[in-house]
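Below is a report on one protein model.

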Amino acid sequence: MKLKVNKDLCIGCGACQAIVDEVFQIEDDGLATVIVDEIPTNLEEDAIDAKEGCPTNAIEEDAIDAEGYTVEE
(Lines give C-alpha, C1' and ligand atoms only; values in the text may rest on other atoms or scores of the structure.)
Protein backbone atom coordinates (compact mmCIF):
# COMPACT_ATOMS: atom_id res chain seq x y z
CA MET A 1 0.00 0.00 0.00
CA LYS A 2 1.24 3.45 -0.94
CA LEU A 3 -0.17 6.76 0.23
CA LYS A 4 0.54 10.38 -0.62
CA VAL A 5 -0.53 13.73 0.80
CA ASN A 6 -2.19 16.23 -1.52
CA LYS A 7 -0.43 19.44 -0.47
CA ASP A 8 -3.22 21.53 -2.01
CA LEU A 9 -5.69 20.04 0.49
CA CYS A 10 -3.51 19.53 3.57
CA ILE A 11 -3.97 22.06 6.39
CA GLY A 12 -1.19 20.65 8.57
CA CYS A 13 -3.44 19.76 11.49
CA GLY A 14 -1.19 16.82 12.42
CA ALA A 15 -3.98 14.28 12.92
CA CYS A 16 -2.28 11.78 10.60
CA GLN A 17 1.03 12.07 12.43
CA ALA A 18 -0.73 11.68 15.77
CA ILE A 19 -2.28 8.41 14.57
CA VAL A 20 0.82 6.88 12.94
CA ASP A 21 4.03 8.88 13.18
CA GLU A 22 5.96 6.04 11.57
CA VAL A 23 4.21 6.95 8.29
CA PHE A 24 3.44 10.69 8.44
CA GLN A 25 5.28 13.77 9.62
CA ILE A 26 4.75 17.51 9.44
CA GLU A 27 7.45 19.18 7.34
CA ASP A 28 9.01 22.62 7.72
CA ASP A 29 6.29 24.05 5.45
CA GLY A 30 3.70 23.02 8.06
CA LEU A 31 2.13 20.36 5.84
CA ALA A 32 2.07 16.60 6.23
CA THR A 33 4.09 14.19 4.15
CA VAL A 34 4.41 10.42 3.87
CA ILE A 35 7.87 9.37 5.07
CA VAL A 36 7.88 5.76 3.80
CA ASP A 37 7.75 4.46 0.24
CA GLU A 38 5.53 1.51 1.08
CA ILE A 39 3.29 1.30 4.15
CA PRO A 40 4.50 -1.66 6.26
CA THR A 41 1.85 -4.34 6.67
CA ASN A 42 1.75 -3.89 10.44
CA LEU A 43 0.93 -0.17 10.01
CA GLU A 44 -1.65 -0.43 7.22
CA GLU A 45 -4.67 -0.35 9.56
CA ASP A 46 -3.37 2.77 11.33
CA ALA A 47 -2.53 4.40 7.99
CA ILE A 48 -6.07 3.73 6.77
CA ASP A 49 -7.42 5.24 10.01
CA ALA A 50 -5.28 8.33 9.37
CA LYS A 51 -6.50 8.55 5.77
CA GLU A 52 -10.13 8.23 6.80
CA GLY A 53 -9.66 10.66 9.70
CA CYS A 54 -8.08 13.43 7.64
CA PRO A 55 -10.46 16.42 7.93
CA THR A 56 -9.69 17.61 4.39
CA ASN A 57 -9.29 14.20 2.69
CA ALA A 58 -5.74 15.17 1.75
CA ILE A 59 -4.38 11.62 2.14
CA GLU A 60 -4.77 9.67 -1.07
CA GLU A 61 -3.79 6.25 -2.31
CA ASP A 62 -0.82 6.47 -4.64
CA ALA A 63 -1.83 4.22 -7.53
CA ILE A 64 1.07 2.62 -9.37
CA ASP A 65 0.63 0.80 -12.67
CA ALA A 66 2.37 -2.43 -13.72
CA GLU A 67 5.38 -0.51 -15.09
CA GLY A 68 5.85 1.39 -11.83
CA TYR A 69 4.44 4.71 -12.98
CA THR A 70 2.02 6.80 -10.92
CA VAL A 71 -1.50 6.65 -12.27
CA GLU A 72 -3.37 9.95 -12.20
CA GLU A 73 -6.99 9.52 -11.17
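## Core

In this predicted model, the largest nonpolar core has 17 residues, and Leu3, Val5, Val23, Phe24 and Ile59 have the most contacts inside it. Such a core is a set of buried Ala, Val, Leu, Ile, Met, Phe, Trp, Tyr and Cys residues joined through side-chain atoms within 4.5 Å. β1 (3-5), β3 (32-34) and α2 (44-53) are the elements that give two or more residues to this core. Helices (H or I, at least four residues) and strands (E, at least two) are DSSP runs, numbered from the N terminus.

Isoleucine 59 touches Leu3, Lys4, Val5, Cys16, Phe24, Ala50, Lys51 and Cys54, leaving aside residues up to four places away in sequence. A contact means heavy atoms within 4.5 Å.

Residues are numbered from 1 along each chain as its sequence is written. Local features need pLDDT of at least 70, side-chain atom pairs count only at pLDDT 80 or more, totals for chains, interfaces and linings use all residues, and side-chain values use heavy atoms, with hydrogens and water left out.

Lysine 51 sits in helix α2. Not counting residues up to four places away in sequence, lysine 51 touches Leu3, Ile59, Glu60 and Glu61.

Asparagine 57 lies in the loop between α2 and β4 (59-61). Asparagine 57 is not a glycine, yet has a positive phi of about 55°.

## Salt bridge and exposure

How many salt bridges does a search of the whole structure find? It finds one. The side chains of lysine 7 and glutamate 27 form a salt bridge at 3.1 Å, N to O. The term requires a side-chain nitrogen of Lys or Arg within 4 Å of a carboxyl oxygen of Asp or Glu. Lysine 7 is in the loop between β1 and α1 (15-19), and glutamate 27 is in the loop between β2 (24-26) and β3, 20 residues apart.

Buried means under 20% relative accessible area, exposed over 50%, and partly exposed in between (1.4 Å probe, protein chains only).

| Residue | Relative accessible area | Class |
|---|---|---|
| Lysine 7 | 31% | partly exposed |
| Glutamate 27 | 33% | partly exposed |
| Lysine 51 | 26% | partly exposed |
| Asparagine 57 | 53% | exposed |

## Whole chain

The protein chain has two helices and four strands. From the N terminus on, its elements run β-α-β-β-α-β. Of the 73 residues in the protein chain, 26% are buried.
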